[in-house]
Amino acid sequence: MSLRLQPDRDVTAADDGPDAFRRLLGRLGVADVLAIIVVGLVLVSVVAPGLLTPYDPLEPDDANALAAPSVAHWFGTDSLGRDLLSRVIHGTGRTLLGSAVAVLIGLGAGTVLGLVAASFGGLVDAVISRIVDVLLSIPGLLLAMVVVVALGFGTLNAAVAVGISSIAAFTRIMRSEVLTVKDLPFVEASHHLGGSRAYVLAKHVFPNSYSAVLSLTALQFGLAIIWISSLSFLGYGAPPPDPEWGLLVSEGRQYVVSSPWLVVVPGLVIAVTVLAISRLSQLTRERTTA
């Protein structure tokens, strides 16, 4: 009788995915799970707000004006009887879209300026650094207010203003990282092997300098939400009756004594969203560096 030896089944590759997923779930804390749920709800609110509320955010209902939170209206209603939950949900897309535009402007321009300043040095670096110093000396929200007044009111202009005010932070981080990376041995070796400046920047310097900039992106995204909401609160953002988060807080402040939910609920939504995004970005960074 002959025995046929069967090769052992390699279960590592098959089970690595499920095991890694289970290990990841085991390391998640309560705050991590809550952050994931909040970010998921925010994304649904952006993509399909009608799935979360049956009410029209712009349709008034005089019979239910300033109604307290109830089963029918979880967040209550405003002075015109409009469902506050519906207005918060439909305002998510406007606020987050403006924040995304602001971050993209700051990230793109700041990356280019920081890369150019650190790569060329000399007069170019001195001019860009002095401009960055001037921008950093001005409070970001104040600078955004000046820019939005020059551009005109509106959500898009507010996003552009916030993006311009964040360019300096991205430039400073990118310049610092490039100055550190460009003197490393493997970068010098690439130069000695005949690599052009553009090739070395694109192939070696830029990929190894971008991690810190990406880490700042998530933090700046949360800050952009706060700034855009603040500009809307001050009247520089979306005009009424658009349901933008900062505008909701501004409209509700007139009734803060009799109907405090008009201010408390949108304010909590802003705070919880920013904290959830920050926590999720920190969790992603921890998993990446682990």
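User: Hi! At what angle do α3 and helix α4 pack, and how far apart are their axes?

Analyst: Hi! They pack at an angle of about 140°, with their axes 7 Å apart. Axes here are lines fitted to C-alpha atoms, for helices over the stretch in contact, and angles run from 0 to 180 degrees between N-to-C directions. Helices are DSSP runs (H or I, at least four residues), numbered from the N terminus. This is a predicted model, where local features need pLDDT of at least 70, side-chain atom pairs count only at pLDDT 80 or more, and totals for chains, interfaces and linings use all residues. Residues are numbered from 1 along each chain as its sequence is written, and side-chain values use heavy atoms, with hydrogens and water left out.

User: What does that make α3 relative to α4?

Analyst: The angle makes α3 oblique to α4. Angles under 35 degrees count as roughly parallel, over 145 as roughly antiparallel, 65 to 115 as roughly perpendicular and the rest as oblique.

User: Which residues meet there?

Analyst: From α3, L113, V116, A117 and F120 meet G122, V124, D125 and I128 of α4. Contact means heavy atoms within 4.5 Å. By class, this contact has six nonpolar, one polar and one charged residues. Ala, Val, Leu, Ile, Met, Phe, Trp, Tyr, Cys and Pro count as nonpolar, Asp, Glu, Lys and Arg as charged, and the others, Gly among them, as polar.

User: New topic: in the largest nonpolar core, which residues touch the most other members?

Analyst: V162, I225 and W245 do, out of 34 residues in that core. A nonpolar core is a set of buried Ala, Val, Leu, Ile, Met, Phe, Trp, Tyr and Cys residues joined through side-chain atoms within 4.5 Å. Buried means under 20% relative accessible area, exposed over 50%, partly exposed in between (1.4 Å probe, protein chains only).

User: And which helix gives the most to this core?

Analyst: That's α11, with eight residues.

User: What is V162 in contact with?

Analyst: Leaving aside neighbours within four places in sequence, V162 contacts A102, A144, A224, W227, I228 and L231. There is also a second, separate core of 14 residues, including V178, L201, Y210 and V213.

User: How about Q220: buried or exposed?

Analyst: Q220 has 6% relative accessibility, so it counts as buried. Q220 sits in helix α9 and touches V103, S166, F170 and W227, not counting residues up to four places away in sequence.

User: Last one: how do α5 and α9 cross?

Analyst: Helix α5 (residues 140-151) and helix α9 (residues 197-233) cross at roughly 50°, and their axes come within 11 Å. The two are therefore oblique to each other.
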